[in-house]
Amino acid sequence: GLRALLWDVDGTLAETERDGHLVAFNLAFAALGLPWRWDEARYAGLLRVTGGRERLLRDMADRADAPADPAGREALARELHRIKNLRYAEQVDAGLVQPRPGVLRLIAEARAAGARQAIVTTTSRANVDALLARMLGPDWRDTFTACVCGEDVERKKPDPQAHRLALAQLGLGADPRHEALALEDSEVGLQAADAAGLAVLLTPSVFFPATPDSRARAWACCADLAQGGAMFSGAVSWA
Ligand code: XBP
Ligand code: MG
């Protein structure tokens, strides 16, 4: 039976990219008096780069008005990222980033069944703190045996390092496919979890429509966890 759930954060728990990060990046550009703005089409492409700071650097590489020297770009990316994360927390605290359908129910169901749960994300810890406190309340950490964030790994997703670390902290062995399930919304997340030997329940978010290839590699793919819930209860039993 199923003993553990490994939860991605961005796009899986909520539409954080559309409702939180993208808005906050644009607020950060404005705060520093920069004319740069990302629209959803531009952001969809940039999301192939994981890590907010890395994403900013990628975007600057294409801009004639970005600092010319690498050190200047690096410093600007750091400052923009710092401001972006502050604005992100404000968006979350204001209730603008809501849980996706079925998420709260599945977390509660797993908890009631005694399954272990982990957060496995390569976003910043501060962003995870803000979102989970808002979604589950101040004691949210009690629900999760492990909480792996961007600061904990050298290589972000699609590298499997974050999932491997979480599996070790959950006390799960070399063949987690039969006892654990990863919940992811994106190709990058699917790739990371798959490389760590995990089965993946894919719930595509707005920026990552499922492809025939991602459907084939996922254990299952559903529009959201409210729809997945029925299938879920039939297909797996909690250990
Ligand atoms: C999501 C990311 C993050 C977020 C922004 O990673 O790629 O970079 O877009 O958060 P995951 P930061 O799928 O592992 O949750 O600015 O904190 O990086
Ligand atoms: Mg994600």
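1. A quick definition to start: two residues are in contact if their C-beta atoms, placed from the backbone, lie within 7 Å. Keep that in mind while you look at this model, which is a predicted one.

2. Let's take the overall layout. The protein chain splits into domain 1 (4-15 + 98-235) and domain 2 (17-93). Their C-alpha centres sit 25 Å apart.

3. How many residues of domain 1 are in contact with domain 2? There are 17, and they meet 12 residues of domain 2. On the domain 1 side, α6 supplies the largest share, with five residues. Sorted by class, that side of domain 1 has seven nonpolar, five polar and five charged residues.

4. Now for the ligand. Where does ligand 1 lie? Both domain 1 and domain 2 give residues to the shell around ligand 1, so it lies between them. The shell holds 17 residues, and the closest are Thr50, Gly52, Thr121, Thr122 and Ser124. By class, the shell is made up of one nonpolar, 12 polar and four charged residues.

5. Helix α1 is worth a look too. It covers residues 16-31, and its buried residues are Thr16, Glu17, Gly20, His21, Leu22, Ala24, Phe25 and Ala28. What covers them? The cover includes α2 (40-46), α3 (52-60), α4 (70-93) and α6 (125-136).

Definitions and conventions
Residues numbered from 1 in each chain as written. Chains lettered and ligands numbered in written order. Predicted model: local features only at pLDDT ≥ 70, side-chain atom pairs only at ≥ 80, totals over all residues. Buried ≥ 20, exposed ≤ 12 C-beta atoms within 10 Å, placed from the backbone. Helix = DSSP H or I, 4+ residues; strand = E, 2+ residues; numbered from the N terminus. Near = placed C-beta within 6 Å. Nonpolar A, V, L, I, M, F, W, Y, C, P; charged D, E, K, R; others polar. Domains from an automatic or database assignment.
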